[in-house]
Amino acid sequence: MLQNAYPDQIAGDFYTENFAKKAAEGSLILNLGPQHPSTHGVLRVVVELDGEYILRAEPVLGYLHRMHEKMAEVKTAAQFIPNMGRVDYGQALGWNWAFVGAVEKLGGIEVPERAEYVRVITSELNRIASHLLWWGAYLLDLGAFTPIMYAFDDREKILDILQIPTGSRLTYSYFRIGGVASDLNEDCVRRIREFIPWMRSRLPMYKDLVSDNIILRKRIEGIGVIEPDVCQRYGATGPVARGSGIACDLRKTEDYSVFRKLDFIAPTSELKDARGRYDVRMIEMEQSLNIIEQCLDMMPEGEVLVKGAPKPSWKAPKGESYFAVEGARGKIGVHLVSDGGKNLYRCKLRAPGYCNLSLFAEVSQGTILADAVAILGSLDLIIPEIDR
Amino acid sequence: MNAIKEALKNVSDLWSLMVGLKVTGRYFREPQRTVRYPWKALSNTDTYKGHLELVGGMKDPFKPRCISCGMCALACPSNCLTVVKRKAPKPTPEEEKALAEAKERGEKPKDKTPKDPEKFIYDFSLCSLCGTCMENCPAGALQFSGNIYMAGYSRNDFLFDLVVKMRESEAASPAEPAAAPAATSEA
């Protein structure tokens, strides 16, 4: 039987009660979420408020935990690929890539060159789609409704293109161990080529409509300043770290796949605030278009799946491997341990959103509640990815 | 000096709102981008990969190409396929006699059981449409259908026997396939 500590109040659960123990005199404990329109899913943040100001905040996770890591232990490596499409609905192909890359590293499997280019093209398209989703949803958080309509207009074009090789629109399981499932056909390549100038013409419009808008600038400039050492302490990666001026882009630093042959920049911003992270993502979309255009020109003919690619019954050799790719939200890492058996022994998934969210507790201290929502949105959180 | 700067900044701030409104006005004049879905057909459904279906043979398009080897069921990550093999037909007395004679001569009897499956149970509610079954099928007997209009009232509506589905499609084949939503009429 639960005892109610505050007879005149409704007692919270374990997290709230534990959190309330350290509450200051006269403060208010408030639960943001788990079902809250501005948290993009089932994220819950317990905050202690003094008037409008946040004294403390604590994210509570696990409402969308689906045991992906455990499921990897009861399936063979090839059978686990559909799971990777479901970890992150924003950029499913990034997760596809991290997992198949780790298995290829473990098994010493070579990937045909064309498949590498196809991987780059599709995952960069997926990155733009993910950033567009973030852009629309973030502005929705800040109270602007129309931008998401423009964003989804463009995002639908990308989904239509990606539907041709992958067959699905959101939860792709397209990459295979040793290549990709199907080649980009002529129709698909033509549509990507048509999409690039279209998207380039849209980005200045986004700037006019939203980026330069004084209301947005007042909402995000100087809000949520994250110092580089905070990023390093919490392990933040991706646009969050680059928005704080840390030049960490795995496409540049790790040099995986064919990225060393491509000419692009990994944008950073010295602003360190929500505006910096916003700018980084907007420039990244432009850079992704450059990458795709170069890849289409450089893509050689040939196979997209290596001969003798592993079947579902393939057993990974004994050993360990770690492979990381640059996802839309940061470093996606997969650590595999195999004991030579039918299934993998252990699969550790490193989600960028988890680390990016963990610094929220520190950054949100002393801000207004409405600004905390602006900070939360600028971290680009995808809750299924955080909980895995 | 500062007051002038402040005033100029306010003007430029106000101007940024005007620029945004100009964009809105420009797009306001453009035709609608969305599709009035139930009344108009979508244009992007041809490349969609829907639920699984069996591929017909070369000679008879309504006899499955499947050889009941069960590789698909083994490869499936979510165990949504069950292939039931056909039982050998009961031999007639003459065949039994011939079999016994062949056995005496030391010959191995030839298996005359039809290879196509008796049942091919497919649970669409478990399927994640990854395509592993198709890639591992030695006979190329599985494919994705383009059916995006699948809906049901209960979970059992998505549990079907693909062999029966194939026979149904044979029965329905003289007529036109399921009519797509009318493209012209708009309510």
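The exercises below work through a predicted model with chains A and B.

Residues are numbered from 1 along each chain as its sequence is written, while chains are lettered from A and ligands numbered from 1 in the order in which they are written. Because the model is predicted, local features need pLDDT of at least 70 and side-chain atom pairs count only at pLDDT 80 or more, whereas totals for chains, interfaces and linings use all residues.

**Exercise 1. Describe the fold and the overall dimensions of chain A.**

Step 1. Take the secondary structure: chain A has 16 helices and eight strands. Helices (H or I, at least four residues) and strands (E, at least two) are DSSP runs, numbered from the N terminus.

Step 2. Take the extent: the C-alpha trace of chain A spans about 70 × 55 × 35 Å along its principal axes.

Step 3. Compare with the globule rule, 2.2 Å times the number of residues to the power 0.38, the radius of gyration being taken over C-alpha atoms. For 388 residues a compact globule would come near 21 Å, and the 22 Å of chain A agrees with this.

Step 4. Take burial: 47% of the 388 residues of chain A count as buried. A residue is buried if 20 or more other C-beta atoms lie within 10 Å of its own, exposed if 12 or fewer, and partly exposed in between, with C-beta atoms placed from the backbone.

**Exercise 2. Work out how α4(A) and α5(A) pack.**

Step 1. Helix α4 of chain A covers residues 92-107 and helix α5 of chain A covers residues 113-141; their axes are 8 Å apart, at an angle of about 140 degrees. Axes are lines fitted to C-alpha atoms, for helices over the stretch in contact, and angles run from 0 to 180 degrees between N-to-C directions.

Step 2. Classify the angle. Under 35 degrees counts as roughly parallel, over 145 as roughly antiparallel, 65 to 115 as roughly perpendicular and the rest as oblique; α4(A) and α5(A) are therefore oblique to each other.

Step 3. List the residues. Ala92(A), Leu93(A), Gly94(A) and Trp97(A) of α4(A) meet Arg119(A), Thr122(A), Ser123(A) and Asn126(A) of α5(A). Two residues are in contact if their C-beta atoms, placed from the backbone, lie within 7 Å.

Step 4. Sort them by class: three are nonpolar, four polar and one charged. Ala, Val, Leu, Ile, Met, Phe, Trp, Tyr, Cys and Pro count as nonpolar, Asp, Glu, Lys and Arg as charged, and the others, Gly among them, as polar.

**Exercise 3. Is Asp255(A) buried or exposed, and is Lys272(A) buried or exposed?**

Step 1. Locate them. Asp255(A) sits in the loop between α11 (250-253) and α12 (274-298) of chain A, and Lys272(A) is in the loop between α11 and α12 as well.

Step 2. Check the backbone. Phi of Asp255(A) is near 65 degrees, a positive value in a residue other than glycine; phi of Lys272(A) is also near 65 degrees.

Step 3. Count neighbours. Asp255(A) is exposed because 10 other C-beta atoms lie within 10 Å. Lys272(A) counts as buried because it has 20 C-beta neighbours inside 10 Å.

**Exercise 4. Describe chain B and the side of chain A that touches it.**

Step 1. Chain B has five helices and five strands, and 14% of its 187 residues are buried.

Step 2. An automatic or database domain assignment gives chain B domain 1 (2-30) and domain 2 (47-172). Their C-alpha centres lie 66 Å apart.

Step 3. At the interface, 21 residues of chain A are in contact with 20 residues of chain B. On the chain A side, α3 (81-87), α6 (147-166) and α7 (186-211) each supply at least two residues, and the largest share, four residues, comes from α6(A). By class, this side has nine nonpolar, six polar and six charged residues.
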